[in-house]
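Here is a short briefing for a reader who is new to this structure. Look at the model first, then go through the points by topic.

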Amino acid sequence: MNILTHLHLAEISKTHLGANLAGNFITAPIDSAPQALRQGLWLNQEINQLCATHELTQELMALFPAQLTSIAADLMFVSFDHYLAYYWEEYHHLPLPEFSQKAYRELAEFATQSDEYHPQPCLNLIADMRSQDWLNAYATPKGIQQALAQRAKGHPHCALFNGADKLLAKMQIETETAFRTFYPQLMAYTRIWSRKTPSDYLPNGSAD
């Protein structure tokens, strides 16, 4: 799961930030979700599917050591959030601190409910994200370590994350090149998907 990436893509596609993030935790059907959340949940699925299957991301994950195959996607996602934060001004008109505060406010409103479409693990993540200011931290080495530690929690192969920050530093050229090539495509796809969303999932329930 890319946290900053999902929030950025939600913002540029003018879709629900909370739903785009919560989609990583929700197993209930989109058709039964509150209307305001459906487009964001659907967009989350499309983004995750492309990230998992695109040639560029598959090539990058194959470059990680074989013993880290089970966490290769996690390492890729952390690196992508890092480079998005590091080069933020190239991808969004608001400064990252201003965007972060806006995102935290919207996520705090989303977190006032708790049900199957506002799952508690997501609400816990939102609380930690706000209190520790993850979004701004992603641009720093400490933020990378923090993101890796968060992913290691509860992971069946948590020990594999030991020293992962050093590996990402060694693979800077490979990860940054993949991000800089893939992410503009992902942004373009996201804007197209936001216009091509099934009508039942649009906030107003009607086609664009």
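R105 sits in helix α6 (residues 96–110). Helices (H or I, at least four residues) and strands (E, at least two) are DSSP runs, numbered from the N terminus. The model is predicted: local features need pLDDT of at least 70, side-chain atom pairs count only at pLDDT 80 or more, and totals for chains, interfaces and linings use all residues. Residues are numbered from 1 along each chain as its sequence is written, and side-chain values use heavy atoms, with hydrogens and water left out.

- R105 counts as exposed because its relative accessibility is 55%.
- The cut-offs are these: buried is under 20% relative accessible area, exposed is over 50%, and partly exposed is in between (1.4 Å probe, protein chains only).
- R105 and A19 are 86 residues apart along the chain. Their C-alpha atoms are separated by 14 Å.

**The whole chain**

- The protein chain has eleven helices and zero strands.
- Read from the N terminus, its elements run α-α-α-α-α-α-α-α-α-α-α.
- The C-alpha trace spans about 50 × 35 × 30 Å along its principal axes.
- What radius of gyration does the protein chain have? The value is 17 Å, which agrees with the figure near 17 Å for a compact globule with 208 residues.
- That radius is taken over C-alpha atoms, and the globule rule is 2.2 Å times the number of residues to the power 0.38.
- Of the 208 residues, 51% count as buried.
- Take the contacts in the protein chain with a separation of 6 or more: residues 24 or more positions apart account for 69% of them. Contact means heavy atoms within 4.5 Å.

**The nonpolar core**

- The largest nonpolar core has 70 residues. Such a core is a set of buried Ala, Val, Leu, Ile, Met, Phe, Trp, Tyr and Cys residues joined through side-chain atoms within 4.5 Å.
- Helix α5 (residues 72–86) gives the most to this core, with nine residues.
- Which residues have the most contacts inside the core? They are L7 and M129.
- Neighbours within four places in sequence aside, L7 is in contact with L17, L21, F99, A103, L107, M129 and L135.
- L21 lies in helix α2. L21 is buried, because its relative accessible area is 0%.
- L21 and Q58 are 37 residues apart along the chain, and 23 Å separates their C-alpha atoms.

**Where α3 meets α11**

- Helix α3 (residues 35–53) packs with helix α11 (residues 172–195) at an angle of about 145°. Their axes are 11 Å apart.
- Axes here are lines fitted to C-alpha atoms, for helices over the stretch in contact, and angles run from 0 to 180 degrees between N-to-C directions.
- From α3 come Q39, W42, L43, E46, I47, L50 and C51. They meet F182, L186, Y189, T190, W193 and S194 in α11.
- By class, this contact of α3 with α11 has nine nonpolar, three polar and one charged residues.
- Ala, Val, Leu, Ile, Met, Phe, Trp, Tyr, Cys and Pro count as nonpolar; Asp, Glu, Lys and Arg count as charged; the others, Gly among them, count as polar.

**Two residues of α3**

- W42 lies in helix α3. Is W42 buried or exposed? W42 is buried, with a relative accessible area of 12%.
- With neighbours within four places in sequence left aside, W42 is in contact with I30, W193, K196, T197, P198 and Y201.
- W42 and L202 are 160 residues apart in sequence, yet 9.8 Å apart in space, C-alpha to C-alpha.
- Q35 also has its place in helix α3. Q35 counts as partly exposed because its relative accessibility is 28%.
- Q35 and G163 are 128 residues apart in sequence and 43 Å apart in space, C-alpha to C-alpha.

**Positive phi angles**

- Most residues other than glycine have a negative phi.
- K14 is a residue other than glycine with a positive phi, near 55°. Its place is in the loop between α1 (3–12) and α2 (17–22).
- K14 counts as exposed, at 73% relative accessibility.
- D133 is not a glycine either, and has a positive phi of about 50°. D133 lies in the loop between α7 (120–132) and α8 (134–137).
- D133 is partly exposed, with a relative accessible area of 27%.
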